[in-house]
Amino acid sequence: MSFFHRIEPFLYSRKNIFGCLLGIGGLALLFAGITSGLIGLGVVAGMYAIGYLVAPPERGVAVTLFDTQDSHDITEGLNKLLVSIRFRVADDVYNEVGSIAHEIVQTLPQNGAGIDPADPNVNLIRQTALSYLPQALDAYLAIPRIYAERRPVQDGKTAHDVLMSQLDLMNSRMKEMADAITQNDTQRLLANARFVQDRFATSSIQLSPEKVAISADGSNGSSGSKIV
């Protein structure tokens, strides 16, 4: 790897860009004759240093998702995560994260109850919401955006391409898990239906209205009504 490629992430960083902008202001003062000589160069260097120190560095995910089983907390955390990355990533990344978040929320208990930790499908979805998705975004957001979207880093792919591959995989897995959970619910429903059918299929209620007679003391004197 060449020296330029090694320092390229720094060249695209916020700190360097902001420092350069202020440094250009210092050069403008120099060319305008307001400063001159070594003093002018010192002003340029000083303004660059101020810009470098003042500018915030690239930061990862600004939202901390705490370990929780509560579906409301997970949903709220995902909403905050989407808000925090809205103008920090390209539209395709944002839309893919939104799709993953939607799939996760659709599989959570809608009444805010805690999720079932014994269900491996639900556990994978929970881990994706609280760990895998934030970690992937955190690693990506720590890279200057211009560098991440333009410079190949692996097999001709940019960091943006690598992230999209990860997100596509997560999204497809979330859809599979959602289908599996729905299938499990369907199987439970069918099992319950079979139980009800087996329990009552051999029973019948036969009423012969013409044979029903209610005695004066309230007892049913009919032999035409029976439960088998």
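Student: Quick one to start: what counts as a helix or a strand here?
Tutor: Helices are DSSP runs of H or I with at least four residues, strands are runs of E with at least two, and both are numbered from the N terminus. Keep in mind that this is a predicted model.

Student: Okay, then where is Asp155?
Tutor: Asp155 sits in the loop between strand S1 (152-154) and strand S2 (157-158).

Student: Buried or exposed?
Tutor: Asp155 has a relative accessible area of 73%, so it counts as exposed; the cut-off for exposed is over 50%.

Student: And what is its phi?
Tutor: Phi of Asp155 is near 50°, which is a positive value in a residue other than glycine. Most residues other than glycine have a negative phi.

Student: Which residues of H5 are buried?
Tutor: Val93, Glu96, Val97, Ile100, Ala101, Glu103, Ile104 and Thr107. Looking down the axis of H5, you'd find these buried residues within an arc of 160°, so they line one face of the helix.

Student: What does the face turned away from the buried side carry?
Tutor: That face of H5 carries the exposed residues Asp91, Asn95 and Gln106.

Student: What does Thr128 contact, leaving aside its neighbours within four places in sequence?
Tutor: Its contacts include Ile100 and Ile104, and those two are among the buried residues of H5. Thr128 also touches Leu133, Pro134, Met170 and Met174. Thr128 itself is in helix H6 (residues 120-141), and it counts as buried because its relative accessibility is 3%, where the cut-off is under 20%.

Student: Now salt bridges. How many are there?
Tutor: The count is five. Side chains of opposite charge can pair when their charged atoms come close.

Student: Which residue does Asp91 pair with?
Tutor: Asp91 forms a salt bridge with Arg86, and their closest N and O atoms are 3.9 Å apart. Arg86 is partly exposed, with a relative accessible area of 31%.

Student: What about Lys80, which partner does it have?
Tutor: Lys80 meets Glu76 in a salt bridge, 3.4 Å from N to O. The two are four residues apart in helix H4 (residues 71-85), which means about one helical turn separates them. Lys80 is partly exposed at 45%, and Glu76 is partly exposed at 41%.

Student: And how far apart are the closest N and O atoms of Glu149 and Arg145?
Tutor: 2.7 Å, in another salt bridge. Glu149 and Arg145 both lie in helix H7, four residues apart, so again about one turn of the helix. Glu149 is partly exposed at 32% relative accessibility, and Arg145 is partly exposed at 36%.

Student: Last topic: which residues form the nonpolar patch on the surface?
Tutor: Ile17, Phe18, Leu21, Ile24, Ile50, Val54 and Ile146, with about 620 Å² of accessible area together. Helix H2 (14-31) and helix H3 (37-54) are the elements that give two or more residues.

Student: Which helix gives the most?
Tutor: H2 does, with four residues.

Student: Where is Ile146 found, then?
Tutor: Ile146 is in helix H7 (residues 145-150), and it counts as partly exposed at 33% relative accessibility.

Note on methods: Residues numbered from 1 in each chain as written. Predicted model: local features only at pLDDT ≥ 70, side-chain atom pairs only at ≥ 80, totals over all residues. Heavy atoms only, no water. Buried < 20%, exposed > 50% of the residue type's maximum accessible area, 1.4 Å probe, protein only. Arc of directions from axis to C-beta. Patch = residues over 30% accessible without salt bridge, like charges linked within 9 Å, V, L, I, M, F, W, Y side chains within 5 Å. Areas by Shrake-Rupley, 256 points an atom, 1.4 Å probe, with all protein chains shown as cover. Salt bridge = Lys/Arg side-chain N within 4 Å of Asp/Glu carboxyl O. Contact = heavy atoms within 4.5 Å.
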